[in-house]
Amino acid sequence: MRIVFFGTPDFAVPTLEALLGSRHQVVGVVTQPDRPRGRGHRMSPPPVKVVAERAGLPVWQPVRLKDPALHDALRALAADLGVVAAYGRLIPDAVLDLPRLGLINVHASLLPAYRGASPIQSAIIAGERETGITIMRVVTALDAGGTFARIVRPIGPDERSDEVEADLARLGAPLLVDVVDHLETGRAVETPQDDARATYAPRLTRADGTIDWSQPAIRVHDRVRGVYPWPQASVWLGAQRLALLRTSVADGPTGATPGTIVDARGDRLVVACGDGTRLAVLELQPEGRRAMTAREFLAGHRLEAGTGLGVAPPA
């Protein structure tokens with residue numbers, strides 16, 4: 001089949017590469033505009049654009065998907081099917097109607113759970129033990145189209161969002177190609193979602209990185225994992241902002257006020273949380289500095305039990 005591909009970040013790359021290696025023909029790619037990235041804020045192409053140009057494919061990077069000129073260009077491709085993988089924007093009806101068989105999407109959740117922009121991060125923050133990939137039809141309503149196939153993947157107790165995302169991208173690519181094969185031969189089975197069971201995963205903001213020390217340690221740990229690498233969990237040691245990169249739930253009860261350091265020796269940086277629980281900080285990053293282990297941080301900072309870690313900068 002002739003396929004037009006919509007995708008932008010690293011998550012979408014395995015799916016595009018799988019299609020390029022299949023018997024189907026990718027006839028064009030739509031991706032987000034180049035953005036400034038890194039410390040130098042140099043303009044950089046999205047990962048999908050790099051792969052598409054290497055394959056010699058025509059690439060469009062529209063600011064608006066409602067541009068009639070873009071519609072004319074896509075119509076000229078005479079695509080049978082559109083494939084979406086983390087494109088990053090809602091696709092308007094005028095584009096959904098262009099391919100003969102419509103558009104299908106590689107969604108990183110077990111729909112109807114976690115519809116929306118942050119399915120992996122929200123699942124980890126919520127403490128879910130499993131997630132997955134669902135191949136679904138793109139419709140006007142958010143992630144509400146019929147489903148064709150799914151694959152379930154466990155979430156490890158210490159896995160972070162970037163690790164789960166990379167693995168889901170790898171798992172979703174062959175699943176998507178299978179569904180495309182079935183659509184071509186008319187053997188695909190589309191199953192409606194149960195909207196009554198739907199939950200939502202809104203786009204993350206910087207506020208999602210705020211730690212609430214009154215929560216039990218396991219919930220704080222889940223948030224640290226879920227918001228890595230962005231927006232990152234952060235706390236304040238006086239006027240110094242610390243990003244918490246990796247944590248674990250520590251053994252032993254504590255009667256200390258949540259947010260209080262209860263152990264700061266050697267490689268142990270342990271903080272009191274709600275319900276008398278404790279969280280060990282394993283890796284952190286002071287603002288403007290490199291990431292470091294708790295031992296490296298404590299070697300340069302004289303901390304004592306009883307020191308408080310705030311959730312906001314001092315007034």
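Author: Let us begin with the largest pocket, which has a volume of about 1,300 Å³. The model is a predicted one, in which local features need pLDDT of at least 70 and side-chain atom pairs count only at pLDDT 80 or more, while totals for chains, interfaces and linings use all residues. Residues are numbered from 1 along each chain as its sequence is written, and side-chain values use heavy atoms, with hydrogens and water left out.

Reader: What makes a space a pocket or a cavity?

Author: The search runs on a 1 Å grid over the protein atoms alone. A cavity is a set of points where a 1.4 Å probe fits but cannot get out, whereas a pocket is an open set with protein on both sides within 12 Å along at least five of seven lines. Points are joined across faces, edges and corners, and the volume is the space filled by probe spheres set on them. Rolling a probe the size of a water molecule over the atoms shows where empty space is left.

Reader: Which residues line the largest pocket?

Author: A lining residue has an atom within 4 Å of a point. By that rule 46 residues line the largest pocket, and A86, G88, G116, A117 and R203 lie nearest its centre. Two or more lining residues come from each of β3 (35–37), β7, β8 (115–116), α5 (119–125), α6 and β11 (200–201). These names refer to DSSP runs numbered from the N terminus: helices are H or I runs of at least four residues, and strands are E runs of at least two. The chain has eight helices and 17 strands.

Reader: How is the lining of the largest pocket divided by class?

Author: Ala, Val, Leu, Ile, Met, Phe, Trp, Tyr, Cys and Pro count as nonpolar, Asp, Glu, Lys and Arg as charged, and the others, Gly among them, as polar. The lining of the largest pocket then has 27 nonpolar, 11 polar and eight charged residues. The second largest pocket, of about 300 Å³, is lined by 13 residues, of which R206, Q232, R241, A243 and Q285 are the closest to its centre. Its lining has five nonpolar, three polar and five charged residues.

Reader: How many cavities of 30 Å³ or more does the structure hold, and what lines the largest?

Author: There is one cavity of 30 Å³ or more. The largest cavity has a volume of about 50 Å³ and is lined by L242, L244, I261, L269, V281, L284, F297, L303 and L309. β13 (240–250) and β16 (278–286) give two or more residues each to that lining. Nine lining residues are nonpolar, with no polar and no charged ones. β13 and β16 also each supply at least two residues to the lining of the second largest pocket.

Reader: Why is T247 called buried?

Author: Buried means under 20% relative accessible area, exposed over 50%, and partly exposed in between, with a 1.4 Å probe and protein chains only. T247 has a value of 3% and is therefore buried. T247 is found in strand β13.

Reader: What makes the pairing of T247 and H221 a polar contact?

Author: A polar contact is a pair of N or O atoms within 3.5 Å; within protein, one must be able to donate a hydrogen and the other to accept it, and residues adjacent in sequence count only if both atoms are side-chain atoms. The side chains of T247 and H221 are joined at 2.8 Å, so the pair falls within the limit.

Reader: What makes a group of residues a nonpolar core?

Author: A nonpolar core is a set of buried Ala, Val, Leu, Ile, Met, Phe, Trp, Tyr and Cys residues joined through side-chain atoms within 4.5 Å. The largest has 40 residues, and those with the most contacts inside it are F5, L19, V83, I104 and V180. Helix α6 (residues 161–185) gives the most to this core, with 10 residues. Apart from it lies another core of 26 residues, among them L237, L244, L298 and L303.
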